[in-house]
Amino acid sequence: MRVALVHHSYGTPYGGAAEPHVRELARALRAAGHEPRVIGSRPGPTRRSDEDGIEVVHLGRLPEGPLRSRGFDGPVTHLPALVRELARGGYDAVHAFSPQDAAAAARAAAGRATPPLVFTPVEPPRREALAERRLRLRFWEAAIAPPTTLVVPGDDPRAAVWRWLAVEASVVAPDDADGHVKIYCGG
């Protein structure tokens, strides 16, 4: 399977908590015989590279300062390029790790026979975070709308998604006994 793993700040100093998850998932997919491609963004032109046998695409984005100073959530200037990349990429599945990337993936899928879309918010929603920046709540709403599969990395993020967005999420967590990933759905 060709799988797109999307996190806007992958490979930058702002990769945050999602970057190790993306990297490990890419390695696990490659080890299982799949073809992962990590898609991130950074200022400047689009660049493609190979990191340990995994293709990494850094989509170019414009300076975000003017948008941030006006209260917009970010980064967002890479989203048109992300929609194009996902629409023409021939992916069998797309896994996004931020609300804006998941919303763009849903937009790329609009009106097409599309691959499955999975969204894992590594940082759970908080009331103040949902309300503090322009477009943030709209990105979350678009990211969790069907047919997206929402998967969270633990019970606390699951509770936060339910509390602030009224959406039930599946929990994916490693089983300490054997190291395999288990998915827990429902209560």
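Two strands count as paired if DSSP finds at least two bridges between them. The model shown in these views is predicted.

View 1. Strand E1 spans residues 2-6. Four of its five residues are buried, so E1 is largely enclosed by the rest of the structure. E1 and strand E5 (residues 93-96) run parallel and share four bridges. Within this pairing, Val6 has Ala96 of E5 as its bridge partner. Strand E2 (residues 35-43) is joined to E1 by five bridges, again in the parallel sense. Here Val3 stands opposite Pro36 in E2. Between E1 and E2 the chain passes through helix H1 (residues 18-31), and this β-α-β crossover is right-handed. In a regular strand, side chains alternate between the two faces of the sheet.

View 2. H1 has 14 residues. From its first C-alpha to its last it reaches 20 Å, close to the 20 Å expected at 1.5 Å a residue. Which residues of H1 are buried? They are Ala18, Glu19, Val22, Ala26 and Leu29. Seen down the helix axis, the buried residues fall within an arc of 100°, so they line one face of H1. An α-helix has 3.6 residues a turn, so residues three or four places apart point the same way. The buried residues of H1 pack against E1, E2 and strand E4 (54-61). Gly33 follows the helix, with a positive phi near 95°.

**View 3. Asp52 and Arg27 form a salt bridge.** The side chains of Asp52 and Arg27 meet at 3.8 Å, N to O. This pair links distant parts of the chain, 25 residues apart. Asp52 sits in the loop between strand E3 (47-51) and E4, and Arg27 in helix H1. Asp52 has a relative accessible area of 56% and is exposed, because the exposed class begins over 50%. Arg27, at 31% relative accessibility, counts as partly exposed.

**View 4. Arg37 and Glu85 join strand E2 to helix H3.** The closest N and O atoms of this salt bridge are 3.1 Å apart. Arg37 lies in E2 and Glu85 in helix H3 (residues 79-88), so the pair ties together parts that are 48 residues apart in sequence. Both Arg37 and Glu85 are buried. The two residues also belong to a network of salt bridges that links Arg37, Arg48, Glu55 and Glu85. The count of salt bridges in the model comes to 13.

View 5. The closest N and O atoms of Arg136 and Asp73 are 2.9 Å apart. Arg136 is in helix H6 (residues 136-144), while Asp73 is in the loop between helix H2 (65-69) and H3. The relative accessible area of Arg136 is 15%, and that of Asp73 is 7%. Both residues are therefore buried, the limit being under 20%.

View 6. Leu130 lies in helix H5 (residues 127-132). Is Leu130 buried or exposed? At 10% relative accessibility, Leu130 counts as buried. Leaving aside residues up to four places away in sequence, Leu130 touches Pro125, Arg136, Leu137, Trp140, Trp164 and Leu165. Trp164 is 34 residues from Leu130 along the chain, yet their C-alpha atoms are separated by 8.6 Å.

Notes:
Residues numbered from 1 in each chain as written. Predicted model: local features only at pLDDT ≥ 70, side-chain atom pairs only at ≥ 80, totals over all residues. Heavy atoms only, no water. Buried < 20%, exposed > 50% of the residue type's maximum accessible area, 1.4 Å probe, protein only. Helix = DSSP H or I, 4+ residues; strand = E, 2+ residues; numbered from the N terminus. Right-handed = clockwise from strand over helix to strand, strands pointing away. Contact = heavy atoms within 4.5 Å. Expected span 1.5 Å × (residues − 1). Arc of directions from axis to C-beta. Salt bridge = Lys/Arg side-chain N within 4 Å of Asp/Glu carboxyl O.
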